[in-house]
Amino acid sequence: MTARDLKQLFSASLLGYGFLRAWIVLCLLYSRHAVAVGSGGSTVLMFALAAGALATVGLLRSAAYRRRESLFDLLFLGFGIAGTCCSFFGGLLASPLYTDAGLVAIGLCGGYFEARWGERFVPYPEKQSYGNLLIAFLLAAVLGIATSSFVTGGLFMVESLALLGVATVLYLLPNGGSTERAETRGRLESAKDSSTSADGKRSARAIANITLTMLLFCFVQSAATSISYSLLPVADVFQARFVANFIVAALLVAIFLLRGAVRPISLLKALLPVTAAGLFLLVLDPSVLGTTPIIVLLSGNKLFDVLMLFLLISFVQAGKVSPFLGFGLFVAAKNIGCALGAMSGDVIVPVVGSDPTALFLFIGLLEVLLLVSFLWMFSIKQIASPTTQPDAALPEPSAPASLEARLDRHVEAVSSRCGLTPRETEILELLARGKNRETIARDQHLSKSTVHTHMIHIYQKTGVHSQQELIELIEGVSPDEGPSTSLV
């Protein structure tokens, strides 16, 4: 990968997702250290995160919300600042009440912005979304390792507010411009509304499978992690979490830079054995293995996070599900599953901890639930390539297809893969026909500067630098005949 490729790939605004995740985990870690809230504090935070995400789903479907987006952004940011302060004073006063109130506010803020950041990944081409997602995960792991070593009263306030502040600044950075985001929303919603009844049912089943798989897998992972909390110091478990996240994210980033994006089916094949191995290691002697089982188990969890987010982004880009519903359900299902798993662990772990036979049975049950979650995941037929599956409802083109029709299909293929807006797709088609900026401006009744702006966006998203390169790209991309087919 060249320096130019890296420059085109990198988007600073998307990295705020990593700062946000690091802030949420730091606040939970401080609460566990300062007040010893135990897994009950984690449960409170996770249910609050789910509530914040579901509230986002409702808000984003409201026209009134879209007219005053910035005010709601400030409101939920205020929740985050107030929650951080409550957690800080809860630690100073050793008050679980203040701490729980702080975690609720932090969860509402975190759930809202996690769902909103999911939408931010959508307008970018698949490769850029994937790369930035991995870098955000790696950034969160590095920040977690750095900040968790110094979780004390005053330092916690500085660290947490700094992480939240940087995340906010990156959130406010231009992400294609508000106009383009509005066009993207409209395009995705119109694509979803115009789908056939059969397409709608398939999409509903797919998002249901993703949501149920997320909920069940997170339940298994959280219930298993509860065993580690009963056997190891809390600080060791959190450090293992950061190490596991760092290992997986760094490995995937290295593979991405050297060879390109890892296919979802490859992530799935690696996910099952890693997670199963982590569950099995939990039954062995913790005095010998230390944090190894939890590192292996949480490595599987991080692979799962990457896989499901990548699948969801692909589904949304293909117009198969509303971005608001998709990312809201994703965050909610993940946290509800973790909360239920933690609650189950609180009940079961004290029993199985003193009985080796019961521990084996509990781990066996979790293994069965893990397999069930993978059966649900495999039922998502598009998992191997969700954005490029052929549409069986479309008839095959006739043999003497006109050059005009073939050009339209090539343009649509490039537009879909690169995440172009409807207006950009129109400009792309005219550029493919060899028209220049002045002609396009006259024919479309636009100013030359507006056309020039759209051309810049098209070049950035497709990774080309001239109209000739753009034409060559369109000629080389065919949804039916392979990349080497030419239009002429």
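Q: Are F76 and Y112 buried or exposed?
A: In this predicted model, a residue counts as buried when its relative accessible area is under 20%. By that criterion, both F76 and Y112 are buried.

Q: What is the arrangement of the rings of F76 and Y112?
A: A pair of aromatic rings is described by the distance of the centres and the angle of the planes. For F76 and Y112 the centres are 4.1 Å apart and the planes stand at 0 degrees. Planes under 30 degrees apart count as stacked, so the pair is stacked.

Q: Which residue lies over the face of Y171?
A: A charge sits over a ring if CZ of Arg is within 6 Å of the ring centre and within 35 degrees of the ring normal. At 4.3 Å from the ring centre of Y171, the residue over its face is R120.

Q: Is S11 buried or exposed?
A: S11 lies in the loop between α1 (3–9) and α2 (16–35). Its relative accessibility is 7%, and the limit for a buried residue is under 20%. S11 therefore counts as buried.

Q: Which residues does I427 touch, not counting those up to four places away in sequence?
A: I427 lies in helix α18 (residues 422–432). With a relative accessible area of 0%, I427 is buried. Beyond its sequence neighbours up to four places away, I427 touches I440, L446, H454, M455 and I458.

Conventions:
Residues numbered from 1 in each chain as written. Predicted model: local features only at pLDDT ≥ 70, side-chain atom pairs only at ≥ 80, totals over all residues. Heavy atoms only, no water. Helix = DSSP H or I, 4+ residues; strand = E, 2+ residues; numbered from the N terminus. Buried < 20%, exposed > 50% of the residue type's maximum accessible area, 1.4 Å probe, protein only. Contact = heavy atoms within 4.5 Å. Phe/Tyr/Trp six-rings, centres within 6.5 Å; stacked < 30°, edge-to-face > 60°.
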